[in-house]
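Take a look at the sequence and the model, then read on.

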Amino acid sequence: MGSISTQGLRKAFGDVQALDDVTIDVPDGSFFVILGPSGAGKTTTLRAIAGLERLDAGTVRLDGLDATKADPAARDLAMVFQSYALYPKRTAFDNIASPLRARRTPAAEITRRVDEVSALLHIEKLMKRRPAQMSGGEMQRVALARALVRSPRAFLMDEPLTNLDLKLRVEMRTELTRIHRSLGGTFLYVTNDQVEAMSMADQVAVLKEGRVQQVGTPREVYERPANSWVAAFVGNPRISLLPCRAEGTRLVGDGGWSLPRPRTGAAGDGQPLLLGLRAEDVSLDRRDAAAALDGELYALEPLGDRTVVDVRVGSEVLKVKARPSVTGRPGDRLTVSVDLDRAHLFDAGTGLALTR
Ligand SMILES: Nc1ncnc2c1ncn2[C@@H]1O[C@H](COP(=O)(O)OP(=O)(O)OP(=O)(O)O)[C@@H](O)[C@H]1O
């Protein structure tokens with residue numbers, strides 16, 4: 001068993017409110033990701049769950065039992081940090097074996113477990129090497145193996161892939177998902193990288209300034225963001241947010257453009273809104289003239305498999321996903337057709353999504 005839940009966690013450092021009512025439910029066996037920018041309170045949440053941070057308020061429950069005041073060791077959680085924290089003088093084998101030795105596990109059992117976990121992480125060949133004889137990626141794998149060698153209640157991982165180069169990071173994302181499937185434990189994983197969150201998580205909690213903005217599957221968070229901040233934080237290229245207001249059956253942009261009003265929730269006439277359009281929900285192939293915006297080419301960003309075209313519409317820039325072969329010069333007139341069924345509307349004041 002390995003469920004974790006927090007209720008109303010609060011923690012201030014001087015006048016910085018690091019955690020401001022953090023409530024999350026991590027189901028047993030899930031891969032749960034806390035996603036947020038630097039300073040959002042991700043590490044503090046993890047440390048609070050591990051018992052390394054004294055809270056101002058709130059409760060931590062492990063498998064349903066109140067563990068708020070429990071000793072860190074009694075919580076039976078394994079942590080993996082961004083820095084590998086390996087013993088420099090010990091071999092990979094001894095590093096990985098250390099949590100088992102600390103628990104007086106019999107030698108034969110240690111060998112069996114270390115062999116098993118090193119096979120899982122494909123690091124069998126490193127067993128006799130010390131950290132100074134390994135690359136960063138290898139050290140990170142050894143650090144992961146050291147956490148995974150035990151069968152704790154849950155694994156807490158604090159941006160473990162941050163120090164790896166891009167290629168290794170991409171590889172390790174797939175590896176971690178595979179390891180999670182084959183081990184079947186609870187993974188609570190912290191990152192500021194939305195691609196990591198989207199590609200690995202069963203569920204994501206999006207955190208900003210110590211507050212949970214939204215919890216959901218990666219798909220829910222991407223397709224139905226709770227507010228304009230989440231919409232902008234998740235997704236690459238970034239969603240375009242165009243200031244506008246509702247006027248009768250139409251949306252009228254601050255820059256003078258106008259579109260039919262999407263079938264979204266109640267917005268009063270004149271209410272300041274943000275129209276959120278993802279790059280894949282707008283197109284340069286004119287399909288529906290009723291929902292089209294006129295603009296001019298501002299910049300092209302070729303990305304190999306596609307090109308992102310920045311189109312200036314009034315005073316805003318709209319990002320449009322286009323074919324890789326698209327060409328043009330700044331200033332060229334363009335018409336962007338909009339898939340209104342996929343458009344997002346937010347209250348410009350509160351940022352909250354107007355639900356469909
Ligand atoms: N020991 C501390 N003393 C003072 N302020 C702290 C301490 N630990 C964290 N903070 C502050 O609390 C806030 C949340 O920090 P935290 O490390 O939890 O953020 P984070 O989301 O993990 O960020 P990062 O992605 O940069 O690691 C930040 O403003 C940080 O400066």
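The model is predicted.

**Overall layout**

- The C-alpha atoms fill a box of roughly 75 × 45 × 35 Å along the principal axes.
- The protein chain has 356 residues, and 39% of them count as buried.
- Take the contacts in the protein chain with a separation of 6 or more: 66% of them join residues 24 or more positions apart.

**Two domains**

- The domain assignment gives domain 1 (4-228) and domain 2 (230-347).
- Their C-alpha centres lie 38 Å apart.
- Where they touch, ten residues of domain 1 are in contact with eleven residues of domain 2.
- On the domain 1 side, strand S10 (211-216) and helix H7 (218-223) are the elements that give two or more residues.
- That side of domain 1 has five nonpolar residues, five polar residues and no charged ones.

**The largest nonpolar core**

- In soluble globular proteins, nonpolar side chains tend to be buried together.
- The largest nonpolar core in this model has 98 residues.
- Val-33, Ile-96, Val-142, Ala-145, Leu-188, Tyr-189 and Leu-275 have the most contacts inside this core.
- Helix H4 (residues 136-148) gives the most to this core, with seven residues.
- Both domains take part: domain 1 (4-228) and domain 2 (230-347) each supply at least three residues of this core.
- Which residues does Leu-188 touch, leaving aside its neighbours within four places in sequence? They are Ile-4, Val-26, Phe-32, Leu-46, Ala-154 and Leu-156.

- Ten of the 13 residues of H4 are buried, so the helix is largely enclosed by the rest of the structure.
- The buried residues include Val-142, Leu-144 and Ala-145.
- Arg-141 and Arg-146 are also among the buried residues of H4.
- What covers the buried residues of H4 includes helix H2 (92-102), helix H3 (107-120) and helix H5 (166-183).
- Strand S6 (77-80) and strand S7 (154-158) are also part of that cover.
- At 1.5 Å a residue, H4 should span 18 Å; its end C-alpha atoms are 18 Å apart, which agrees.

**Around the ligand**

- The residues around the ligand include the run Ser-38, Gly-39, Ala-40, Gly-41, Lys-42, Thr-43 and Thr-44.
- Phe-13, Val-16, Ala-18, Gly-36 and Asn-192 are also around the ligand.
- Strand S2 (16-26) and helix H1 (42-50) each supply at least two residues of this shell.
- H1 gives the most to the shell, with three residues.
- By class, the shell has four nonpolar residues, seven polar and one charged.

- A cis peptide bond joins Asn-236 and Pro-237, with omega about 0 degrees.
- Pro-237 sits in the loop between helix H8 (228-233) and strand S11 (240-247).
- Asp-76 is not a glycine, yet has a positive phi of about 60 degrees.
- Asp-76 lies in the loop between strand S5 (65-66) and S6.
- Is Asp-76 buried, exposed or partly exposed? Asp-76 counts as partly exposed because it has 16 C-beta neighbours inside 10 Å.
- Glu-209 also has a positive phi, near 45 degrees.
- The loop that holds Glu-209 runs between strand S9 (203-208) and S10.
- Glu-209 has 16 C-beta neighbours inside 10 Å, so this residue counts as partly exposed.

How values were computed. Residues are numbered from 1 along each chain as its sequence is written. This is a predicted model: local features need pLDDT of at least 70, side-chain atom pairs count only at pLDDT 80 or more; totals for chains, interfaces and linings use all residues. A nonpolar core is a set of buried Ala, Val, Leu, Ile, Met, Phe, Trp, Tyr and Cys residues joined through C-beta atoms within 7 Å. A residue is buried if 20 or more other C-beta atoms lie within 10 Å of its own, exposed if 12 or fewer, and partly exposed in between; C-beta atoms are placed from the backbone. Helices (H or I, at least four residues) and strands (E, at least two) are DSSP runs, numbered from the N terminus. Domain bounds come from an automatic or database domain assignment. Two residues are in contact if their C-beta atoms, placed from the backbone, lie within 7 Å. A residue is near a molecule or strand if its C-beta atom, placed from the backbone, lies within 6 Å of it. Ala, Val, Leu, Ile, Met, Phe, Trp, Tyr, Cys and Pro count as nonpolar, Asp, Glu, Lys and Arg as charged, and the others, Gly among them, as polar. The expected span of a helix is 1.5 Å times one less than its number of residues.
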